[in-house]
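Please consult the sequence and the model shown below while reading.

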Amino acid sequence: MMQEDVAQHGWPGGPLDTSLLTRYADHVARYIWFGTERIEGPKPELRIASLGWLDESGLKWLERTSLSKVDPQILSAFTERWHPETSSFHMPFGEMTITLDDVACLLHIPVRGIFYTPRPVSMEEAAALATELLGVPYEEAYLETSRQRGGTFTQQPVSMEEAAALATELLGVPYEEAYLETSRQRGGTFTQQAYLLLLVGCTILTDKSYTRVNAKWLPMFRDLSTLNKFSWASVALVCLYDNLNDASMFTTHALAGYPTLLQCWIHEYFPTLGRCGESVHRCDDMSYPRAMRWVYKQGKTKLPAYQPMMDALTPSDVIWRPFEGHRGSIPYDIITCFSGYLRWCTVVPYLPKRCLRQFGFFTRPVKFDAETTADYLPWYYTVSHPILCRPHDGPHGAPPVPQFVPAYAPPEADPVPQDAPAQDAPPAHAPPSGEQRRMDAIVSALERFIAQVDADRDDDVFDDIFYALDVARGDRDID
């Protein structure tokens, strides 16, 4: 389609109005619509050893929140719905995003604090920083940065013997004492700065190399007493947004960044998607990060199967406020509603006002289209591409543009006698009755339970559960 035609008529399948999603021409969703191959899933992330002296840094929980594996299929399915212009996932019922409050609850890293803008460093500066802060001889550091062709350090493991020897040589610690300490910590470290650099480099600051850490972050660790003064939740969110922006373009073949953050967010809000398992940690009671609630379970659902499943999602499939039971550990901070831009290694728009349902700014979570602003969804379907699965081609070979159809319309009432007293007419597309709401709540709860225990209809143990679910859905009469 020529760009002139796009400007006038919009894209097949939407958006019709291209004023919002200005990068849609390069977005992966456009290629999916025309049957082109999808991007590859993200690579597994790295795990790091555990240490016990991070309490004052604000980063201590990062060493315990990483999933051992992630599900690239579900992550790719959400990446296909991410749009950089709005910093949000475009779902069939509206937009959703990962907020600063989500990051704080999932990772327990500070929200409030300083925005830091790193600057690139030369090989000479990187070598000098490594000498000053990591205890590496200048010549050795310069050779390493030269070999990496830039200011980066490879995440090479250090044995306990090597760590003890380095601590003895560089820090003056007796070898026996250093070896006992590294043995106790089950790994080799020789400076706190080196460990912290690798900690953030393996988690919230992971890049596509998955093996290198950029030296431009090192000046942040010069004074360890100031580490907890940075807005680390902003760091994590900017890096995740930036990587999602990149991965949502068709020419990108992998999602970099910290996939644990995205996958745990999906588990919290979308209980029926993905195959997840819960850990033994009662995070709300034990004040642990909510990311520690989840463990990886290998699923069988592939990306092409996720696409129609997500096209069929409704507001009742979402847990809109999953962290209400976690407020004893992470109180809600109104600053997470800030709308504007977040700055770190780049600048990204942060627009939670587009996703107010996630903040509970309604008397109850919205479950039905009639509870939203009357014109929102018709407008949303004009400027967005919320349905990824292409319907049958139209009469002239062009796929029809999906139109928004309200999920609920009241049945036509019987004619009212002329002499009947006047009554207020119900609003158009009024939400279902209280009884229907109760049924919807039962269905949602049963579906979440089935997803959590990975129940199967062929298993006799769960016959009663599936019977109750079918009755609540109206798919089966009461026996």
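How many of the 11 residues of helix α11 (residues 259-269) are buried?

## Basis of the report

This is a predicted model, in which local features need pLDDT of at least 70, side-chain atom pairs count only at pLDDT 80 or more, and totals for chains, interfaces and linings use all residues. Residues are numbered from 1 along each chain as its sequence is written, and side-chain values use heavy atoms, with hydrogens and water left out.

## Helix α11

In helix α11, 11 of the 11 residues are buried, so the helix is largely enclosed by the rest of the structure. Buried means under 20% relative accessible area, exposed over 50%, and partly exposed in between (1.4 Å probe, protein chains only). Helices (H or I, at least four residues) and strands (E, at least two) are DSSP runs, numbered from the N terminus.

The buried residues of α11 include Leu 261, Leu 262, Trp 265 and Ile 266. Glu 268 counts as buried because its relative accessible area is 2%.

## Salt bridges at Glu 268

A salt bridge is a side-chain nitrogen of Lys or Arg within 4 Å of a carboxyl oxygen of Asp or Glu. Glu 268 forms one with Arg 290, where the closest N and O atoms are 2.7 Å apart. Arg 290 lies in the loop between α12 (283-286) and β7 (294-296), and Glu 268 in helix α11, so this pair ties together parts that are 22 residues apart in sequence. Both Arg 290 and Glu 268 are buried.

Glu 268 also meets Arg 293 in a salt bridge, at 3.2 Å from N to O. Arg 293 lies in the loop between α12 and β7, so its pairing with Glu 268 in helix α11 links parts that are 25 residues apart in sequence. Arg 293 counts as buried because its relative accessibility is 18%.

## Other salt bridges and the network

A search of the whole structure finds 12 salt bridges. One of them joins the side chains of Glu 324 and Arg 321 (3.4 Å, N to O). Glu 324 is partly exposed, at 41% relative accessibility, and Arg 321 is partly exposed at 37%. Salt bridges that share partners join Glu 268, Glu 278, Asp 284, Arg 290 and Arg 293 into one network.

## Strands β8 and β9

Strand β8 (residues 340-343) pairs with strand β9 (residues 347-350) in the antiparallel sense, over four bridges; two strands pair if DSSP finds at least two bridges between them. Leu 342 has Val 348 in β9 as its bridge partner. A hairpin of three residues joins β8 to β9.
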